[in-house]
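Could you walk me through the helix packing and the inner spaces of this protein? I would like to follow along with the model open on my screen.

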Amino acid sequence: MALEFSHEANQHPASEERRNEILANPGFGDYFSDHMVTIDWEGIGHEEGTWSNARIAPYGPISLDPAAGIFHYGQSVFEGIKGYRYSDGSVWTFRPHANAARLNRSAYRLSLPALPEEDFVNSLRELVRTDNAWVPSGDGEAFYFRPFMIATEAYLGVRPARKVQFHVIGSPAGNYFGTPEPVDIWLSTTYSRAGVGGTGNAKCGGNYAASMIAQAEGESHGCKQVIFKDPNRDDAIEELGGMNVFFVFGKQNKIVTPELTGTILEGVTRSSLIQLAKDRGMEVEERKFTLSEWREGVANGDITEVFACGTAAVVAPIGKLMAADFEIPAASVGFGEISKSLREELVGIQTGAVEDRHGWMVKLAD
Ligand SMILES: *Cc1c(COP(=O)(O)O)cnc(C)c1O
């Protein structure tokens, strides 16, 4: 049975004036709406337990015991999903059951409990109905939901926590990269974000913690993003710190993306773009794709575009690849035609401008 939510109104919400000021230029992840979702879990082992006390309460600090597991052993997973304001004022979201299922796969890997998919989707619904005024309506804008699950039990022994919380916070979001200009990316040859049997296919904070040093290395070379490869598999390209990657073979009407080997996060954007490309009659290959194929493909003109994808940025063109001792030039000048058109179609579906032929959209609020 689905959980019932209780509601405690924020007595000090942002003023309408302040909210409008924020919505005029929301940025990404800078501001948060007036309320948040919390659901408690208690159990033994991560497989047997109970979710309870689902609530909407004022957005604010979470008070935890200093011995809570999250602070020590990093038992935490998260999601990222957007709500879109349609022209009739209603709010919709994109494939929330895919995110709910992924949250549970991530949770399983981190020995955290599964949250029923229905409760996940209802928590988005409850938050957006409470904070509806925070959903922006501008072009390319959205309400970014950040669901996350953390170990809250105060216990320093090493075993799965017996107390856990699930939360959802929400943040108005502008266009993540503004007008998509190709970003140069840094190839880390020093660091990996994931290894065989590790947590690469779980959406957990630890993967991000491990990628930040490479990100800093990239930034010191003028690159905004980092891409990782697997030195043990012929330098197979994996993904960026928080986005999947695609190679467009324009003349062959084909796109290639690294196969899911367990070290790559399965993006909802990635799988949606694969579907849209197939719908267009494009050939889609999910396979091992090596650094030398990238180099040769750009050199001989087979690779005509390279792009990254994820919920936040949707589709972002990649410029040149830089590493400590070599470079691969950009495959295209500016935003490639195919990347751009796939982005437009996906954003069109998400914002209600293009027919939702796969039934991906779910209404959250009228
Ligand atoms: C979240 C994430 C992605 C993108 O997933 P989407 O579901 O498309 O947003 C890709 N790679 C990593 C490492 C991620 O954490």
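Predicted model: local features only at pLDDT ≥ 70, side-chain atom pairs only at ≥ 80, totals over all residues.

Let us begin with the helices. Helix α3 covers residues 96-109 and helix α4 covers residues 117-130, and the two pack with their axes 9 Å apart, at an angle of about 120 degrees. Because of that angle, α3 is oblique to α4. If you look at the handedness, the crossing of α3 and α4 is right-handed.

Which residues make this contact? On the α3 side you will find Pro96, His97, Asn99, Ala100, Ala101 and Leu103, and they meet Glu117, Phe120, Val121 and Leu124 of α4. Sorted by class, the contact between α3 and α4 has seven nonpolar residues, along with two polar and one charged.

Next, turn to the second largest pocket, which holds about 380 Å³ of space. Its lining is made of 20 residues, and to find its centre you can look for Asp139, Gly140, Glu141, Val347 and Thr351, which lie nearest to that point. Strand β5 (81-85) and helix α8 (337-350) each contribute at least two residues to the lining of this pocket. The largest share is that of α8, with four residues.

Now for the spaces inside. The structure has two cavities of 30 Å³ or more, and the second largest cavity holds about 90 Å³ of space. Around the second largest cavity you can pick out Ile81, Lys82, Tyr84, Thr93, Phe94, Asn99, Val268, Thr269, Thr311, Val314 and Gln350. Two or more of these lining residues come from each of β5, β6 (91-94) and α6 (268-279).

Which element gives the most to the lining of this cavity? That is β5, with three residues. By class, the lining of the second largest cavity has five nonpolar, five polar and one charged residues.

A few names come up at more than one stop. Strand β5 supplies residues to the lining of the second largest pocket and also to that of the second largest cavity. Asn99 takes part in the contact of α3 with α4, and Asn99 lines the second largest cavity as well. Those two are handy landmarks for finding your way from one part of the tour to another.

Methods
Residues numbered from 1 in each chain as written. Heavy atoms only, no water. Axes fitted to C-alpha atoms, helices over the stretch in contact; angles between N-to-C directions. Parallel < 35°, antiparallel > 145°, perpendicular 65-115°, else oblique. Left-handed = near helix turned anticlockwise from the far one by under 90°. Contact = heavy atoms within 4.5 Å. Nonpolar A, V, L, I, M, F, W, Y, C, P; charged D, E, K, R; others polar. 1 Å grid on protein atoms, 1.4 Å probe; cavity = no way out; pocket = protein on both sides within 12 Å on 5 of 7 lines; lining within 4 Å. Points joined across faces, edges and corners; volume = space filled by probe spheres on them.
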